[in-house]
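The entries below follow the order in which I looked.

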Amino acid sequence: MVTPRLTPVTAVQWLSRGLCLLLLLPLLGCGPGPEPPPPRTITYTFDAPTRHLITLLAEKSKSPLYQNFDRNFKGLLVPESLLPYEPFVLGLSTESKIPSVLLLDAPWVQRYGMAGWLYELERTRVFDRSELVPAVAEAFSVSLTRITHRRGKELVAVPTYIKGNILFFRRDILQRYNLEPPRTWMELKAICRKVLPQEKSLKYGLLIHITNALNDFYPVFWGFGGRVFDLDQGQYVLPQQPNRAAWVAALTELLSMEGSIIPGPAELKKFEASGSLRQAFYHGQALFMINWNTRMKDLHDLIAKGQGQPPGSLTSVSQVGVAPIPDQAGQPHRYSNIGSFGWAVNRFSVTDPVVIENAKSFIELVADEQFQLLAAETLGQVPSLKRALEKVTNQEVLQVYRDTFAQKDMVIRPRPHSRLINRVLEKYLQEALYGRLTPEAALDEALGELKKEQGSL
Amino acid sequence: MKTPETFIRYSLRNRLFVLAGATFLLCAVVILVFFPLLNLTLGGLQDRTLRSMKDGAEVEATTIARLLVLEFSSLKGLLQVTPASDTEVDKWIKDLLWEKVTFNEIIEGIELIQGQADVQGRHLTYLFYRREAPELKPMAGPQKIMKSFQGLELDLINSINEQQRVDNALQESVNRGPKQEGEMMLRYMPVHVLLADEGAVYWGVAKIGIDTSRMRQLLLLQSEEQDRIRKDIWLELILSLTISGVMAMSLIYFWVRFITEPLKNLSLVAGDLQSAKPEEFDLWLENLKRVDPQGQAEVVVIQQVLERLGAAVPKLGQRLIDGEARACLGQVMARGLPVLKAWQAELAGLEGGPAAEIRAGLNTVFEDLTRLGSDPEGEWAQLDITPGMERAWRLVSLGLPAEIRRRLELAPLPAVWGSAAALTLAMLYLLNFAVELLPPAGDLGLKAEPTPVGGVRLAVWVSGEPRSPAECQGWLNPFGDPGRIQGSLGPALAAAIAAQHGGVLTVEPREQGGVTFSLTLPPLAADQEFHELPL
């Protein structure tokens, strides 16, 4: 019997199977691969209010993102005592990778950003600038031309709320006299001259801080067209004539109100204590007050537990109105000295795409809508996200935003980041407010002292 | 594969050896190819190790520099120093440098360079280097000088002064290569003095030299270790290949030898058939049966087929011989029949003496034919071949034309051992074949004479056209060309009969044309001489 031979196709199939087996043989000696490295956790500067809100969100939303927050992100607690020394300057200037994400005050954002220590967030798609209120986004943007050789400003930190000093006023009284909130200092003085003589309970027309008076003075100074630092160029420009003139004019304006509208030098001491301004305003002693916008929440709290207070004290938050700090007549903008903090990414920590992804996740968590809405409802903070602002139900928060930060002529600007400048200017501002130096003399003395320290600027 | 040499060269066993050897060499080459790959891998590993070690050393240097900068950040006195001063602060800073450099083996030196430069571009600098390099003189102690910087280092320091941070790109270019102060890795870090009132105030640059000798030693160690690994692996590879090669070839040799043994034996046995004599055929067949196939199916099949052929060949040969004898007698009778008829016709008209002669002639022919057919089995005995030759001569020459010149030269011959019928047939075959070659008026001769050694030599010659030795040889080997059988089988059968009797038949062309067949028979052996001659 003739039997069929092995066909070539079958032979090829057998050869293929044999080859596959040979190729698989080496796998017999293969063990399990090495264990994958643990996921990179990023470090961030520990911040008590943020931690408080994260805990609240973990409890309320039951979101695993918030519940696993500590597992994914390692907080780095900065002792309060170290903060004045700006401890992160050493790390960032020597390209330390820690911390990966920093919560920075707006002036620090300017300094660190201009030094090239912070990672640009918009171009690198960590955060979309258009989600923020433009005024606050601008305050957290710096020019990185020297570092990246790109023109224009880059967003380098994401603020989670808007904080700035504004003008508080007695809305009930102004309404009683059919007066609008003042746009300029002249208008403010006119209102005071009209109202104060008729409202005996009002002891002062305008209250400003005497401790850290410079924070209140900067918006006034900027409203007169002056600048200490040119943030775009990164130059110290106060000695230049226009700025000197603006400084003198602004300070002269304030001093001209001392005794009649602003407490005189003899009374200023009363307001050195912390909380003295808001107490005086709450007690109905002042028609206007320059203070942080978050004082609206404090006034609300004071009014809420305001039993047994002297007559004339505020009984309702509706008696309080807010507006931008006035400027010099003819100036296009009114200013607020920003007090917001923002989350920034350490440029030197970005050594791996994973790091930037984690940093992005972190910022999305601490700056997201839920987070800001909770802060608005519980802490009275004004959200920095547009979509969060649309959902806020806290009327005081909405009022602050609508009447101040949303005003078209409002500019939110950080104070100069040089603590030396701020310290020296603060010292001579106090001298002038206490009547020991004229505005011109105070400025000359300040500039003279700063010149000595020029190398540190 | 026509010769034994080529058979050896192309035998299955040798081919298997060569194939196994070639396969092993191929595998060895493939394995050896891994060595360059291993070199590449080791090279890559070395590069990666060097890179990681350098990275590690740089990270370490950066960490040390950063820790030093942290210490310098608390030196508030730095903000008070001036080029002209020689205060307690200066001494304090210099002492601090001395402590840092001399108490830390890894720190080779430190420079603290003030950010502000004078009009000549010089920077106030505190410096101290340990300087263990033999070509450098030891530094007396920490110094405070006004120092100028040039080239990339100046760019780097300017960059740090301007941006208050290190620029890795510039630092990389400055950190490489030997330094004036010795072989070390340099780190440049901005120095900020931390003040509670003013925050971090920028002062200048810290230039810190880190000892790299430890890293160089590690690199050398790493390089030596990798060379050793490479040599060891190479040696182990060669050794293992040699051992495995010897083992493999030994095993393959015995294995191939074992499995090819039956085929080889069968081949040798089959090959013997080429040179086997007819009398050796039974032995050949016996040898064929004795080949042990060891269960190899192919060998069994070939062996069985050869055995069947071997059994059939003698029968076929006998039939062939018988057929050839009858054919030969038929040809003889065909030529003699006219003569016999003529004798018969002549005999009818004669009486007396002439008739008796004719009858005697007829009787001789019949007697010769009878003799040829009387001993078909060919009984062997001591005999005189002369009568057989004469009978064959008479039968062949019967009926030949008259113009053919015939010549019979028979000398007294010694007795030989053999079959009279077979030898007569051999004579008849040769003579009949010669007659076929005979030209019309040619010569035909038969000569018999004793050989010097006591044997018998017969020569049958015939004239005719010249013949080539190859043609003559072809008559003896009619199956030489498998494609066809050349002419009569007579010479071949005569040669077979001669060989059967221990003799030999040769054919040679004659110079004058035609051929000569020479049949030589051996003399009687000692044990054959006692047999009687047949009647």
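**Entry 1: chain A overall**

I began with contacts in chain A between residues at least 6 apart in sequence, and found that 74% of them join residues at least 24 apart. The model is predicted, and I kept that in mind for everything below. I then listed the secondary structure of chain A, which comes to 21 helices and 17 strands. Of the 457 residues in chain A, 46% are buried.

**Entry 2: two places in chain A**

I looked up helix α15 of chain A, residues 295-304. Its buried residues are A:Arg295, A:Met296, A:Lys297, A:Leu299 and A:Leu302. I next asked what covers the buried residues of α15(A). The cover includes the strands β8 (165-170), β12 (286-292) and β13 (320-323) of chain A. It also includes the helices α14 (276-282), α17 (369-379) and α19 (395-405) of chain A.

For a contrasting case I took A:Arg193, which sits in helix α10 (residues 185-195) of chain A. Is A:Arg193 buried or exposed? I counted 12 other C-beta atoms within 10 Å, so A:Arg193 is exposed, the cut-off for that class being 12 or fewer. I also checked A:Arg193 against A:Ser260: the two are 67 residues apart in sequence, with 8.8 Å from C-alpha to C-alpha.

**Entry 3: antiparallel sheet in chain B**

I traced an open sheet of five strands in chain B, in the order β3-β2-β1-β5-β4, with antiparallel pairing. Why is one side of β3 (143-147) and of β4 left without a neighbour in the sheet? Both strands of chain B stand at the edges and have a single partner strand each, so one side of each has no neighbour there. On average, neighbouring strands of this sheet are turned by 25° against each other, direction ignored.

I then followed β1(B), where 10 of the 11 residues are buried. Strand β1 (residues 107-117) of chain B pairs with strand β2 (residues 123-129) of chain B in the antiparallel sense, over six bridges. The pairing of β1(B) with strand β5 (residues 199-211) of chain B is also antiparallel, over seven bridges. β1(B) and β2(B) form a hairpin with five residues between them. In that turn I noted B:Gly121, which has a positive phi of about 80°.

**Entry 4: mixed sheet in chain B**

I found another open sheet of five strands in chain B, in the order β7-β9-β10-β12-β11, and here the pairing is mixed. β7 (405-410) and β11 (504-509) of chain B are at its edges with a single partner strand each, so one side of each is left without a neighbour in the sheet. The twist from one strand to the next averages 10°.

β11(B) and strand β12 (residues 515-521) of chain B run antiparallel and are joined by six bridges. Within this pairing, B:Val507 has B:Phe517 in β12(B) as its bridge partner. I also noted helix α12 (residues 469-476) of chain B, which packs on the sheet and touches β11 and β12 of chain B. The direction of α12(B) makes about 150° with that of β11(B).

**Entry 5: nonpolar cores**

I turned to the largest nonpolar core, which has 180 residues. Which of its residues touch the most other members? They are A:Ala344, A:Ile363, B:Ile110 and B:Ala206. Strand β4 (residues 184-195) of chain B gives the most to this core, with nine residues. Apart from this core lies another, of 49 residues, including B:Val396, B:Phe433, B:Ala434 and B:Leu519.

I listed the contacts of B:Ala206, leaving out residues up to four places away in sequence. B:Ala206 touches B:Ala65, B:Leu68, B:Val69, B:Phe72, B:Ile110, B:Leu112, B:Met189 and B:Val191.

**Entry 6: contact between the chains**

Last, I looked up the contact, which takes 17 residues from chain A and 20 residues from chain B. On the side of chain A that touches chain B, α5 (88-93) and α20 (419-433) of chain A each supply at least two residues. By class, this side of chain A has seven nonpolar, six polar and four charged residues.

Conventions
Residues numbered from 1 in each chain as written. Chains lettered and ligands numbered in written order. Predicted model: local features only at pLDDT ≥ 70, side-chain atom pairs only at ≥ 80, totals over all residues. Core = buried A, V, L, I, M, F, W, Y, C linked by C-beta atoms within 7 Å. Buried ≥ 20, exposed ≤ 12 C-beta atoms within 10 Å, placed from the backbone. Helix = DSSP H or I, 4+ residues; strand = E, 2+ residues; numbered from the N terminus. Contact = placed C-beta atoms within 7 Å. Nonpolar A, V, L, I, M, F, W, Y, C, P; charged D, E, K, R; others polar. Pairing = 2+ DSSP bridges. Axes fitted to C-alpha atoms, helices over the stretch in contact; angles between N-to-C directions.
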